[in-house]
Amino acid sequence: TGGTIAGAGVAEAGAPSAAYRAAVVSAADLVAAVPGLGLLAELHAEQLLQIDSVDFTDALLLRLARRVAELCAQPDVDGVVVTHGTDTLEETAYFLHLTVPSAKPIVLTGAMRPGDALAADGPANLLQAVAVAAHPSSGGRGVLVVMNEDIHSARDVAKVHALHVNAFASPHGALGLVLEGAPRWYRAVTRPH
């Protein structure tokens, strides 16, 4: 959908760290830039939106929810990963959690730094999100948020820091983490939707 994970244009040394443009890299280019994604799953990149997440409207949320539901209804789709800006990622995740009651994994991810920044976190977050969505153990858990190796439930997750890559947390802790390319679960949501 856009956001920092699809951002580019990092300023020169000494310039403000927020000097980049969000939502300028396409979904296909995001996928192509992460080596190893094709080993985890057969992927199809779709550019539904190309916006900064602060520009989400109710109409765009409904459009996203309908498209995710359509994809989950297809027998040849095993899971969906949505790249999203972090400013409203938890709201979108919770909305999808409430409106798309699929047993298939739906995973949201984003980035705190644009892809051309030093130590960009987006490529690793996308790789881990795909690993979670592709893993058989991820089904039936509701919508998930994967950031900085943590797997959170959309029911709980909140952005708790505006700058750190570990910007998301849950009051009861993460459901698990991504380790060696696969999810490791530590707790479960008893009411996934």
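Which residues is glutamate 90 in contact with, leaving aside its neighbours within four places in sequence? The points below take up this residue and then the rest of the model, which is a predicted one.

1. Glutamate 90 is in contact with Val157, Ala158, Lys159 and Phe168, once its neighbours within four places in sequence are left aside. The residue lies in helix 4, and glutamate 90 is buried yet has no salt bridge. The nearest side chain of opposite charge belongs to lysine 159, at 6.9 Å, whereas a salt bridge calls for a side-chain nitrogen within 4 Å of a carboxyl oxygen.

2. The largest nonpolar core has 28 residues, and those with the most contacts inside it are Val68 and Leu108. At least two residues of this core come from each of helix 3 (58-73), strand 1 (80-83), helix 4 (89-99), strand 2 (106-109) and strand 3 (143-147), with helix 3 giving the largest share, seven residues. Another core, of ten residues, lies apart from this one and includes Ala129, Val132, Leu175 and Val189.

3. For leucine 108, not counting residues up to four places away in sequence, the residues touched are Val82, His84, Leu89, Thr92, Ala93, Leu96, Val143, Leu144, Val145 and Val146.

4. The count of salt bridges comes to four, and Glu46, Arg67 and Glu70 are linked in a network of them. Because glutamate 46 lies in the loop between helix 2 (37-40) and helix 3, while arginine 67 lies in helix 3, the pair ties together parts that are 21 residues apart in sequence. Glutamate 70 also forms a salt bridge with arginine 67, with the closest N and O atoms 2.9 Å apart; both of these residues lie in helix 3, three residues apart, or about one turn of the helix. Glutamate 46 is partly exposed at 32% relative accessible area, as are arginine 67 at 21% and glutamate 70 at 44%.

5. Aspartate 156 and arginine 187 meet through their side chains in a salt bridge of 2.9 Å, N to O. This pair links distant parts of the chain, 31 residues apart, with aspartate 156 in the loop between strand 4 (150-153) and strand 5 (158-159) and arginine 187 in the segment after strand 8 (182-185). Aspartate 156 is buried, with a relative accessible area of 19%, whereas arginine 187 counts as partly exposed at 24%.

6. On the aromatic side, a search of the whole structure finds zero aromatic pairs. Arginine 141, however, lies over the face of tryptophan 185, at 3.7 Å from the ring centre.

Notes:
Residues are numbered from 1 along each chain as its sequence is written. This is a predicted model: local features need pLDDT of at least 70, side-chain atom pairs count only at pLDDT 80 or more; totals for chains, interfaces and linings use all residues. Side-chain values use heavy atoms; hydrogens and water are left out. Rings of Phe, Tyr and Trp (its six-membered ring) pair if their centres lie within 6.5 Å; planes under 30 degrees apart count as stacked, over 60 as edge-to-face and the rest as tilted. A charge sits over a ring if NZ of Lys or CZ of Arg is within 6 Å of the ring centre and within 35 degrees of the ring normal. A nonpolar core is a set of buried Ala, Val, Leu, Ile, Met, Phe, Trp, Tyr and Cys residues joined through side-chain atoms within 4.5 Å. Buried means under 20% relative accessible area, exposed over 50%, partly exposed in between (1.4 Å probe, protein chains only). Helices (H or I, at least four residues) and strands (E, at least two) are DSSP runs, numbered from the N terminus. Contact means heavy atoms within 4.5 Å. Lys and Arg count as positive and Asp and Glu as negative; His and the chain ends are not counted.
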